[in-house]
Amino acid sequence: MKKFWLAGLLMLFAVLAFGKVTITYVNWNSGLEIEQAMVQEFMKLNPDIEVKIVKHEGNYEDWLIAQAAAGKLPDVIMIPNIPMALTNDWALDLTKMALADPEWKNIPAPIRNATIYNNRIYAVPAGLFFMGYFVNDDLFEKYNVKPLKFAPSWNEFLTAVKKLTIPRDGIIGLAEEIQIPEWYPAMKNLKFGWFTWDGKEYHLDDRAFIEAVNIAKQLYQGKYVYDALPEEQKKQYNAGWYGDVWNQGKIAIRWDGTWATPFYSSLPFKSRFIGVPGGRIPVVGDFFVISKTTKYPKEAFMFAKFVTYGRDGILKRLELDKKNEWASLPLTTEKAVLDKYFAVKKLFPGLDEAYAKIGVGIIEGVKIVPGYIQSRWTAPTGIKVGDNPNANIGDVIWNAMRGDINIADYAKQLNKIANEQYQNAIKKIAIMTK
């Protein structure tokens, strides 16, 4: 008791002698009551530190770039993607602070490992979500189709899609097919992650990727997905897109992220999250970086930990989240914390099973893989698609699923381009992280 009293007294003297340390913080979710409450709670626990929430205006990414140009980057930043921060030389090397923290190792491995570049840690995981398939259990029951368990086999999944495509009743088996080439290769080859990336390169010329694109094409041509239906047939739904049809209870299986579960809970049918066939569930992260320009790296890291992965912060967030605004799953594998979380939170069906399989998860590429946007979508290919003599890589893959291109004819060319874009981005980051 005397020890804690003395520590508190020393902290008080420090505040009186030197004033408060002030750190600035920006987050696109900072308007939520739970986020503001967590900031206030941190300051209560650390009276020598003041946290000022910085409000952004307009496009978030453009605003960050403008702040950096003006020398006004906040100390703790929710970042659109980590490579952006590294390429612009914004992110502080957090390796020593992270590895010195005994709770760092409790962060689930797929998302913890995503913070490492050139063997150093540059980000703090700030959110955890899954992507995968949701099923309308009412349709399975109505049409006497065997329910899909969590992480079904591919054959079970495909059989359900086909059995629950019932045109006479306006029932569609699968909302859309375009995600299959992103997760399917990792089911077939354990060395692959999202979109065949293995941590060092893409494998778009592998037969697993070619097979995935061709499966997607077959599902589209077989009219098992909403977009493949003739316009006359679509009119029966009076819908703008397949999401409206799902909400009507007319789609058996759809792809989405777990951030949608609060809305799905309000729909007038029973739905459940089943991840992906094979169980290598896609993981999506949010991330903080701490600015290189911060004057107070230790305090900034303390704050970042408290509002993200720290045991005390997770438990406090669970206590304060009266409006159920906290959409992320907890960033820890510590059993006592998870037991408390799962006891308090009424989870959407399937999320507990998903969390149990997080160790074999594959992390989605947008926020963590250098050059991913170019490798997946925007890089020009020199391939003619329709009237475009130089279609980008995303359009070529799209046409291979929904048009007349044979993916096998161009797989090696696409793979070469995707890896060139990745290497270009890696080289830029290497310069900034020497």
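Analyst: Helices (H or I, at least four residues) and strands (E, at least two) are DSSP runs, numbered from the N terminus. By that rule the chain has 20 helices and 13 strands. The model is predicted: local features need pLDDT of at least 70, side-chain atom pairs count only at pLDDT 80 or more, and totals for chains, interfaces and linings use all residues. Residues are numbered from 1 along each chain as its sequence is written, and side-chain values use heavy atoms, with hydrogens and water left out.

User: What makes aspartate 286 buried?

Analyst: Buried means under 20% relative accessible area, exposed over 50%, and partly exposed in between (1.4 Å probe, protein chains only). Aspartate 286 has 8%, so it is buried. Its place is strand S10, residues 282-290. Across the chain, buried residues make up 54% of the 434 residues.

User: Which residues is aspartate 286 in contact with, leaving aside neighbours within four places in sequence?

Analyst: Contact means heavy atoms within 4.5 Å. The partners of aspartate 286 include Trp28, Met78, Val124, Phe129 and Lys367.

User: Why is the pair glutamate 33 and lysine 323 called a salt bridge?

Analyst: A salt bridge is a side-chain nitrogen of Lys or Arg within 4 Å of a carboxyl oxygen of Asp or Glu. Here the N to O distance is 2.7 Å. Glutamate 33 lies in helix H2 and lysine 323 in the loop between H15 and helix H16 (335-344), so the pair ties together parts that are 290 residues apart in sequence. Glutamate 33, at 45%, counts as partly exposed. Lysine 323, at 53%, counts as exposed. The structure holds 24 salt bridges.

User: What about glutamate 211 and lysine 188?

Analyst: Their closest N and O atoms are 3.7 Å apart, and they form a salt bridge. The pair links helix H10 (residues 207-221) to helix H9 (residues 180-188), 23 residues apart.

User: How do you know that the span of helix H2 agrees with its length?

Analyst: The expected span is 1.5 Å times one less than the number of residues. For the 13 residues of H2 (33-45) that is 18 Å, and the end C-alpha atoms are 18 Å apart, which agrees. Among the buried residues of H2 are Ile34, Met38 and Phe42. Their cover includes strand S1 (21-26) and helix H14 (297-306).

User: What makes the buried residues of helix H8 line one face?

Analyst: The buried residues of H8 (residues 154-163) are Trp154, Phe157, Leu158, Ala160 and Val161. They fall within an arc of 160° seen down the axis, so they line one face. The arc is that of the directions from the helix axis to the C-beta atoms. On the other side, Asn155 and Lys163 are exposed.
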